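Hi,

Here is the model I said I would pass on.

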Amino acid sequence: MQIPFTVAPRPDTGVNNAKLGVWLFLASEVMLFGGLFSAYIFLRIGAPEWPGMVGGHAYERASDILNVPLATLNTMVLIGSSVTMVMSWASLAMQRFDRYRLYMGATIALGFVFLVVKAFEYGEKFSHGYLPAENNFLAIYFVLTGLHGLHVIGGILVNMYFMWPGARMWKTDPKRFTNRIEIAGLYWHFVDLVWIFLFPTIYLL
Amino acid sequence: MSDTGHSIEEIKKHVRVYMFVFASLAVLTVVTVVVGYLELPFAPALIVALLIATVKAGLVAAYFMHLVSEEQIVRWLVWLSLGLLLAMFAILSVYYVDQGGTEIFGF
C-alpha cells in the first residue's frame, strides 16, 4: 500500500506527513535537551563553585578544564556540515545528483571529523582520570555532550543510508528522494543547533 | 521547475543566502570565543553568549531549516515547543525558589 502524502502536502496541514512528522520529533527533542539544560542550570546555580574541585584542584572556569580550541574547531566543523547538508538538498533540487553525492559525502566526513575530535577530547579527560563521577560539572558535561554525540552518530547513519543504498530512489522517485534529504537535513541542522547552545554554555561560561 | 516546486533560479538564490549565513555563523563563532577569552563578569558574559547563540540558532532555523518560508503549522509547532520549554524552566525555577534556593541540592 502506498503511504499517502509523502511528497504532496496534506490539504489540512499544508505540509507533507514526513515533514510534519520530523518537526514533531524535533519538538520532542527540544524538551529532551531542554530538560538536560535545565538540569545544568540548576546544578550550576546550586553549586558553591563551578566547575569546582576536579582532580584535587579548585577550578573557577570551565575553560581551564575543557579544551576550548578543540571545541571551537568542532563548532566550525558542525556549521560546515550544516552548509554541505543544505547544499546536498539544493543540488538535488537543481537536478545535480553528482553534486549531491559530493556534498552528502562531505557532510558524512565532517560528521566523522566531529566525532574524532570529540574522542580526542574525551580521551584527554579520561587520561587525567576526569570521569563523570568526579563532580557535577563533569557529570553534566559528559551527559550533554555524550547525548549530543549519539545524535551525531544517528545523523551520520541516516546520511550514510541516503548516500548509498537509499540513493537508488533518485532513479525511481526523484521527488520523494529530494524530500527525504530535506527531512534528514532538518534533523542534522537541529543537531547543529543544539551544539550552538552547548558550546558557549558548557565551554565558555 | 525542479522537483521541489522551486525554480532552478530560486534555488540558486537560496544558495547565495546559505553562503552568507555560513559566513555569519563562522564570524559569530569567532566573536563568541573572543568574548569568552575576555573573562567578563558572569552576568554580561552570559547575556552576550546567549544573545550570540540565539542569533546563530535563529539563522540556522530560519534559512537552513527553511522556517522563513515554511507553512504556518510548522512555525506554530516551533513556537509551541519553545513555549513549553520556557514553561518547564519557569516551573523548575519556581520550585527552586520555593525550596529555598540551593538547599534542594543538599541531599
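The contact between the two chains draws on 42 residues of chain B and 39 residues of chain A, where two residues are in contact if their C-beta atoms, placed from the backbone, lie within 7 Å. On the chain B side, helix 1, helix 2 and helix 3 (72-98) each give at least two residues to the part that touches chain A. That side of chain B splits into 29 nonpolar, ten polar and three charged residues. For these classes, Ala, Val, Leu, Ile, Met, Phe, Trp, Tyr, Cys and Pro are nonpolar, Asp, Glu, Lys and Arg are charged, and the others, Gly among them, are polar.

Some housekeeping: residues are numbered from 1 along each chain as its sequence is written, and chains are lettered from A and ligands numbered from 1 in the order in which they are written. Keep in mind that this is a predicted model, in which local features need pLDDT of at least 70, side-chain atom pairs count only at pLDDT 80 or more, and totals for chains, interfaces and linings use all residues. Helices (H or I, at least four residues) and strands (E, at least two) are DSSP runs, numbered from the N terminus.

Now for chain B itself. Helix 1 (residues 8-37) and helix 2 (residues 42-64) of chain B pack at about 165°, and their axes are 10 Å apart. Axes here are lines fitted to C-alpha atoms, for helices over the stretch in contact, and angles run from 0 to 180 degrees between N-to-C directions. The two helices of chain B are therefore roughly antiparallel, a label for angles over 145 degrees. Which residues of helix 1 of chain B meet helix 2 of chain B? Among them are B:Val17, B:Tyr18, B:Leu25 and B:Val35, while the helix 2 side includes B:Ala45, B:Ile52, B:Lys56 and B:Phe64. By class, this helix 1 to helix 2 contact in chain B has 15 nonpolar, two polar and one charged residues.

Helix 3 of chain B has 27 residues and should span 39 Å at 1.5 Å a residue, which agrees with the 38 Å between its end C-alpha atoms; the expected span is 1.5 Å times one less than the number of residues. Just after helix 3 of chain B, B:Gly100 has a positive phi of about 85°. B:His66, in the loop between helix 2 and helix 3 of chain B, also has a positive phi, near 60°, and is a residue other than glycine.

On to chain A, which has six helices and two strands, running α-β-β-α-α-α-α-α from the N terminus. Buried residues make up 37% of its 205 residues; buried means 20 or more other C-beta atoms within 10 Å of a residue's own, exposed means 12 or fewer, and partly exposed is in between, with C-beta atoms placed from the backbone.

Two backbone spots in chain A deserve a look. A:Trp50 and A:Pro51 are joined by a cis peptide bond, with omega about 5°, and A:Pro51 sits in the loop between helix 1 (17-46) and strand 1 (52-54) of chain A. A:Phe5, in the segment before helix 1 of chain A, has a positive phi near 55°. A:Phe5 counts as partly exposed because it has 16 C-beta neighbours inside 10 Å.

Finally, A:Phe33 lies in helix 1 of chain A, and its C-alpha atom is 8.7 Å from that of A:Leu147, 114 residues away along the chain.

Cheers

Notes. Parallel < 35°, antiparallel > 145°, perpendicular 65-115°, else oblique.
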